[in-house]
Each structure stands twice: as C-alpha cells, then as structure tokens.
Amino acid sequence: MTDPRYNYGPADPQYPQNQGQPQYGQGQPAYPQGDPEPKINVGKLWAGGIGTAAVAALLVVVAIMLIRGVLGIAILSPEGAGAYGTVSTTSYAIAAAGAALLATALLMVLLLAMPSPLTFFTWICLLLTAVAVILPFTLVADLDAKIATAAVNLVVGLCITTMLSSVGSAAQNTPRQAGY
C-alpha cells in the first residue's frame with residue numbers, strides 16, 4: 001500500500017516525467033517496427049572479397065616465380081620461359097582472383113540464407129580446395145610439376161578460405177541489446 005499523504009503520480013512536480021528512463025508500457029515498442037537490421041554489411045563483405053582476390057592473384061604470381069625461378073621446376077610453361085613463365089601465369093592469377101570473387105558471392109548468399117553460414121562456407125571451400133589439389137595429378141605432366149601445381153592450389157585455396165571466413169565474421173552485424 002502507498003501512503004495517501006504523498007502523491008507520486010504524474011501530477012507531482014517533484015517527480016517530472018521523461019527523465020531519460022522509459023516508463024513501463026511507454027517509449028519504444030517491444031518489437032522493432034519496419035525493416036529489421038540487415039544481417040550483413042555488404043560493403044565490408046565485398047571490400048574484403050576484393051582484397052582477398054588481390055592477395056590470391058599476387059600469391060599465385062609469387063608462388064610461380066618461386067617454383068620456376070628458385071626451385072627450377074617448369075610449371076605452367078616450358079623451362080626456357082623464365083621465372084615468370086608465359087601468359088599462363090597471368091591467366092592462373094586472374095583465375096585465382098575470380099575464384100576469390102566467386103567465393104565472396106557464395107559467402108554472401110550463405111550469410112543471407114543459412115543458419116551457420118561460416119561453417120558451411122568453410123566446408124565448401126575446403127572441399128573445392130581438395131578438388132583443386134587433386135586435379136593436377138589427373139593431367140599429363142612431370143611429377144614435380146604436378147606436385148608444385150597442387151601445392152600452389154592448396155596454398156591459394158587455404159588463403160581464400162581463411163581470409164573470407166574472417167571477412168564474413170567481421171561483416172556480420174550483431175544486434176546490440178539496449179543499455180549496453
């Protein structure tokens with residue numbers, strides 16, 4: 001019970017209303033109205049995807065120059081083509097960048113539609129990396145060139161998988177609780 005001698009109601013000047021604390025049943029609705037907050041930050045996601053594509057392309061160039069120039073293994077072109085090789089090195093680098101951009105598109109779809117998107121993304125990318133590692137052994141080439149190509153594919157696949165997994169994690173908008 002309250003003491004009738006004291007008026008703590010809305011008309012009491014000692015306790016003005018709306019001092020920054022919402023009253024029970026007033027203020028913002030319990031459930032947000034309109035469009036919910038987007039689940040992902042698309043700008044961050046694609047900026048990270050473009051960065052990953054650049055890293056993957058440069059990684060291919062560095063790996064091929066290392067394999068051809070330092071190790072002396074003829075990968076992607078004949079032995080006399082120099083450390084860089086031929087236009088096939090450029091094509092390989094562009095393909096790696098394209099793979100990173102396709103992986104970014106896959107990650108965006110998974111972030112929008114799947115319950116555990118990063119888990120699915122990691123598994124899909126690792127299985128595609130395994131295919132890329134096995135593929136050189138099905139082609140006609142010297143064994144050292146097959147091993148070197150498989151190693152490049154493995155490193156690039158792991159690079160794309162790990163970088164985009166962290167980009168996807170950073171691009172997710174987590175809803176904040178009120179008061180924190």
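Predicted model: local features only at pLDDT ≥ 70, side-chain atom pairs only at ≥ 80, totals over all residues.

Student: What makes α3 roughly antiparallel to α4?

Tutor: Angles over 145 degrees count as roughly antiparallel. The angle here is about 170°, and therefore α3 is called roughly antiparallel to α4.

Student: Which residues of α3 meet α4?

Tutor: The residues in α3 are Leu118, Phe121, Thr122, Cys125, Leu126, Thr129, Ala132 and Val133. Among the residues they meet in α4 are Ala150, Leu154, Gly157, Leu158 and Thr161. By class, this contact of α3 with α4 comprises ten nonpolar, eight polar and no charged residues.

Student: What is the volume of the largest pocket, and which residues are closest to its centre?

Tutor: The largest pocket has a volume of about 350 Å³. It is lined by 16 residues, of which Ala99, Leu128, Thr129, Gly157 and Ile160 are the closest to its centre.

Student: How do you know which helix supplies the largest share of that lining?

Tutor: One looks at the contributions: α2 (87-113), α3 and α4 each supply at least two residues, and the largest share, seven residues, comes from α2. The lining of the largest pocket has twelve nonpolar, four polar and no charged residues.

Student: What is found at the second largest pocket?

Tutor: Its volume is about 270 Å³. Leu76, Pro136, Leu139, Ala145 and Thr149 are the closest to its centre among the 13 lining residues. Here α4 gives the most to the lining, with four residues. The classes are ten nonpolar, two polar and one charged.

Student: How confident is the predictor in the protein chain?

Tutor: The mean pLDDT of the protein chain is 82, with 70% of its residues at 70 or more.

Note on methods: Residues numbered from 1 in each chain as written. Heavy atoms only, no water. Axes fitted to C-alpha atoms, helices over the stretch in contact; angles between N-to-C directions. Parallel < 35°, antiparallel > 145°, perpendicular 65-115°, else oblique. Contact = heavy atoms within 4.5 Å. Nonpolar A, V, L, I, M, F, W, Y, C, P; charged D, E, K, R; others polar. 1 Å grid on protein atoms, 1.4 Å probe; cavity = no way out; pocket = protein on both sides within 12 Å on 5 of 7 lines; lining within 4 Å. Points joined across faces, edges and corners; volume = space filled by probe spheres on them. pLDDT = per-residue confidence, 0-100.
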